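Try each one yourself before you read its solution.

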Amino acid sequence: MAIWLTKSRAMAQCLRQRVGLLRILSGQSCSSPSTIIFPLQQYNSSSLPSKTLFSPGRSESTVASNQLDSLSSSDSDDDHHQVLDFPGGKVGYTSEMRFIPESSEKRVPCFRVLDDNGELIKGSDFQQVSKEVAVKMYSHMVTLQVMDSVLYEAQRQGRFSFYLTTIGEEAINIGSAAALSADDFILPQYREPGVLLWRGYTLQQFANQVFANKADDGKGRQMPIHYGSKKLNYITISSPIATQLPQAVGVAYSLKMEKKDACAVAYTGDGGTSEGDFHAALNFAAVMEAPVVFICRNNGWAISTNISEQFRSDGIVVKGRAYGIRSIRVDGNDALAVYTAVQAAREMAISEKRPVLVEVRLNFLW
């Protein structure tokens with residue numbers, strides 16, 4: 001049946017091209033209203049699969065199909081009556097040869113709530129937090145800094161082998177953690193101990209892990225800072241970069257199948273987006289409509305590799321659109337902006353059964 005349908009479409013395309021060629025040779029304009037059109041729909045019969053089988057399933061709240069329809073109708077006036085009903089939405093034809101530019105004229109703006117002086121920007125669209133939550137966020141960011149300082153110095157003294165700090169990224173850790181539910185599954189990279197701290201992991205437990213003593217939850221079988229907690233839904237860190245991203249999609253899909261009011265949250269750095277796992281995960285998540293939030297920390301450097309040597313796109317945020325994923329860019333030095341954006345992303349992921357990409361920009365290294 002699929003082969004028959006393919007042949008029918010090929011025949012229709014061939015006929016359309018032949019009619020167009022004959023009109024050109026006879027001096028008639030192909031854009032004339034009298035041009036013969038062979039819509040593919042007329043080759044369908046009741047015995048063929050419904051065309052809904054060729055359209056991606058999406059929740060009713062999405063506006064993607066309407067956006068595609070509006071785009072198809074905005075093409076050249078010459079061919080605005082000719083539309084290809086292709087999987088994913090209608091595609092309009094145009095007689096004007098145009099290449100999609102490598103980048104838009106304007107870069108994607110960065111959402112923020114606080115200005116450079118820490119003052120609230122008037123008219124900011126942000127989620128209000130209670131005094132209790134605000135104090136807890138501040139306290140945990142300070143605690144994270146102190147823990148980093150002590151453990152980093154211990155590592156430099158040779159007391160254990162490996163340590164990475166979260167200096168300058170405290171707002172990402174705590175701001176995102178505060179916006180999530182304890183039922184959400186976390187799939188971290190190296191620099192998200194603040195999320196675990198927020199969920200109740202104690203300083204003693206952090207020390208047990210990096211020193212690999214007998215009280216270590218992982219029984220000394222992991223490298224330092226490869227934290228994990230089944231109780232706190234924090235999947236154990238693995239050393240290879242970006243492997244957690246496609247895994248997060250699988251976790252999210254299982255939550256969707258079980259109809260849980262929760263999502264998966266996967267963290268990575270800008271260097272992780274240079275791995276194939278990043279692209280596989282985004283495509284996988286979009287196609288499976290998995291409730292997963294990808295949070296990318298973009299500080300401009302993957303260890304010593306600048307982003308100019310990694311990609312030419314406008315950061316990470318635009319990569320989401322290429323895979324059909326809703327995305328946002330956020331100021332990573334603004335805890336309230338991170339909190340607001342991640343909370344909104346989580347709500348979208350769960351209620352609309354869709355992946356969301358959050359690029360968190362950090363400017364402290366520039």
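**Exercise 1.** Are phenylalanine 160 and tyrosine 163 buried or exposed? Then work out which kind of aromatic pair phenylalanine 160 and tyrosine 163 form.

*Solution.* Keep in mind that this is a predicted model. Step one: phenylalanine 160 and tyrosine 163 are both buried. Step two: their ring centres lie 6.2 Å apart, with the planes at 70 degrees. Step three: planes over 60 degrees apart count as edge-to-face, so that's what this pair is.

**Exercise 2.** Find out which parts of the chain are tied together by the pair of phenylalanine 162 and tyrosine 190, and sort each residue by its accessibility.

*Solution.* Start with the geometry: the centres are 6.1 Å apart and the planes 70 degrees, an edge-to-face pair. Next, locate the residues. Phenylalanine 162 sits in the loop between α3 and α4, while tyrosine 190 sits in the loop between β3 (185-187) and α5, so the pair ties together parts 28 residues apart in sequence. Last, check accessibility. Buried means under 20%, so tyrosine 190, at 15%, is buried, while phenylalanine 162, at 24%, counts as partly exposed.

**Exercise 3.** Describe how strands β1 and β2 are joined.

*Solution.* First, β1 (residues 83-86) and β2 (residues 89-92) run antiparallel, with 4 bridges joining them. One example: aspartate 85 has lysine 90 in β2 as its bridge partner. Now look at the turn: 2 residues separate the strands of this hairpin, and glycine 88 there has a positive phi of about 105 degrees.

Definitions and conventions:
Residues are numbered from 1 along each chain as its sequence is written. This is a predicted model: local features need pLDDT of at least 70, side-chain atom pairs count only at pLDDT 80 or more; totals for chains, interfaces and linings use all residues. Side-chain values use heavy atoms; hydrogens and water are left out. Two strands pair if DSSP finds at least two bridges between them. Rings of Phe, Tyr and Trp (its six-membered ring) pair if their centres lie within 6.5 Å; planes under 30 degrees apart count as stacked, over 60 as edge-to-face and the rest as tilted. Buried means under 20% relative accessible area, exposed over 50%, partly exposed in between (1.4 Å probe, protein chains only).
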